[in-house]
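Have the structure open as you read.

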Amino acid sequence: MPPEHDVIGPWSEVKLDILREYAVPYSKILSGKFHHLYIDAFAAGGVHVSRTTGDDVAGSPLIALRTEPPFKEYHLIDANPARVGRLMKLTADRPDVYVHLGDCNEVLLRRVFPRALYEDRRRALCLLDPYNINLSWGVVSTAGKMRSIEIFVNFMIMDMNMNVLLRDPTRAEAAQVVRMDNFWGDRSWREAAYERSAQNNLFGESEEVKVEDANEKVAEAYRRRLIDVAGFVYAPKPLRFVNSLGRTIYYLFFASPNQTGKRIVEFIFDKHRKKQGF
């Protein structure tokens, strides 16, 4: 029996703060000019419990629903029936909210993104915060080419390191490699992930790039893909999140066709980097 609310750690609370800090100026700028949508691809149940304090924490759907001025419509997606049920209860009196049960990789492309067409003067802010790397590149690439959608995308690089890279490509299970291919869009992730140092160590052998250095190379390669392959005009340096041991858990990326969005997010990301001491 799943818990009534998901328990989240401090970094998840930071991500929610970032969404709150961006959603307000985004909606202010677009309100009255465009029909703007909020899209949450992994919406969960709407309310979480803080692991740090034990208090209830408003999840991303509630943050968006409480944003002023409001979005014109909201699309909340989750593959878990219990979470979807909670979302439906929370939004039962909101005709502007659409709750979708299913795989977001299918729901977004078939049912939601077509409601945010550039030529219809529609725009969208889409949160892609998966629990692992089970997000299709097709979703990200489609959003980029539409020119009407801004995205926050969470890259769970710890999942990649633990289940795919393993410091040796021959050790990864075929199913894990397929997951990474699907997330990245092709096999070019290997070029960044398995790059080795050109310098030799004391024994005359080439050394592997340190894990954190490799993470940074993978993150930069993904950032470039958001621009060069997906078609976003802007993708600022992502925000890195680390655990108590200083190891990278994930990177939060932002990508947009709009320079104003880029500037606002860079300001928000820089503020949180200073808080983390980066």
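Which element supplies the largest share of the lining of the largest pocket? That would be α1, with seven residues. Before going further, note that this is a predicted model, where local features need pLDDT of at least 70, side-chain atom pairs count only at pLDDT 80 or more, and totals for chains, interfaces and linings use all residues. Residues are numbered from 1 along each chain as its sequence is written, and side-chain values use heavy atoms, with hydrogens and water left out.

**The pocket**

The largest pocket has a volume of about 640 Å³. Among its 28 lining residues, Ile8, Ser12, Lys15, Asp129 and Tyr131 are the closest to the centre. A pocket here is an open set of points on a 1 Å grid over the protein atoms alone, where a 1.4 Å probe fits and protein lies on both sides within 12 Å along at least five of seven lines; lining residues have an atom within 4 Å of a point. Grid points are joined across faces, edges and corners, and the volume is the space filled by probe spheres set on the points.

At least two lining residues come from each of β1 (6-8), α1 (10-30), β8 (149-155) and β12 (248-255). Helices (H or I, at least four residues) and strands (E, at least two) are DSSP runs, numbered from the N terminus. By type, the lining splits into 18 nonpolar, five polar and five charged residues. For that count, Ala, Val, Leu, Ile, Met, Phe, Trp, Tyr, Cys and Pro are nonpolar, Asp, Glu, Lys and Arg are charged, and the others, Gly among them, are polar.

Seven of its seven residues are buried, so β8 is largely enclosed by the rest of the structure. Buried means under 20% relative accessible area, exposed over 50%, and partly exposed in between (1.4 Å probe, protein chains only). Ile149, Ile151, Val153 and Phe155 sit on one side of β8, with Glu150, Phe152 and Asn154 on the other.

β8 pairs with β7 (residues 122-128) in the parallel sense over five bridges, and Leu127 stands opposite Phe152. To get from β7 to β8, the chain passes through α5 in a right-handed β-α-β crossover. Right-handed means that, with the strands pointing away from the viewer, the path from the first strand over the helix to the second runs clockwise. β8 also pairs with β12, this time antiparallel, over five bridges, with Ile151 opposite Ala255. Two strands count as paired if DSSP finds at least two bridges between them.

Helix α5 (residues 137-146) is mostly covered, with seven of its 10 residues buried. At its start, a side-chain oxygen of Ser136 comes within 3.0 Å of the backbone nitrogen of Gly138. In the loop between α5 and β8 you'll find Ser148, which is buried at 3% relative accessible area. A polar atom of the Ser148 side chain lies 2.5 Å from the backbone oxygen of Ala116. Both are polar contacts, meaning N or O atoms within 3.5 Å; within protein, one must be able to donate a hydrogen and the other to accept it, and residues adjacent in sequence count only if both atoms are side-chain atoms.

**Strand β5**

What about β5 (residues 73-78)? Six of its six residues are buried, so this strand too is largely enclosed by the rest of the structure. β5 pairs in parallel with β2 (residues 35-40) over four bridges, and Leu37 has Glu73 as its bridge partner. Five bridges join β5 to β6 (residues 97-101), also parallel, with Tyr74 opposite Val97. The chain gets from β5 to β6 through α3 (residues 81-90), and this β-α-β crossover is right-handed.

A cis peptide bond joins Glu68 and Pro69, with omega about -5°. Pro69 is in the loop between α2 (60-65) and β5.

| Residue | Phi | Relative accessible area |
|---|---|---|
| Arg121 | near 55° | 48%, partly exposed |
| Arg147 | about 70° | 46%, partly exposed |

Arg121 lies in the loop between α4 (104-112) and β7, while Arg147 lies in the loop between α5 and β8.
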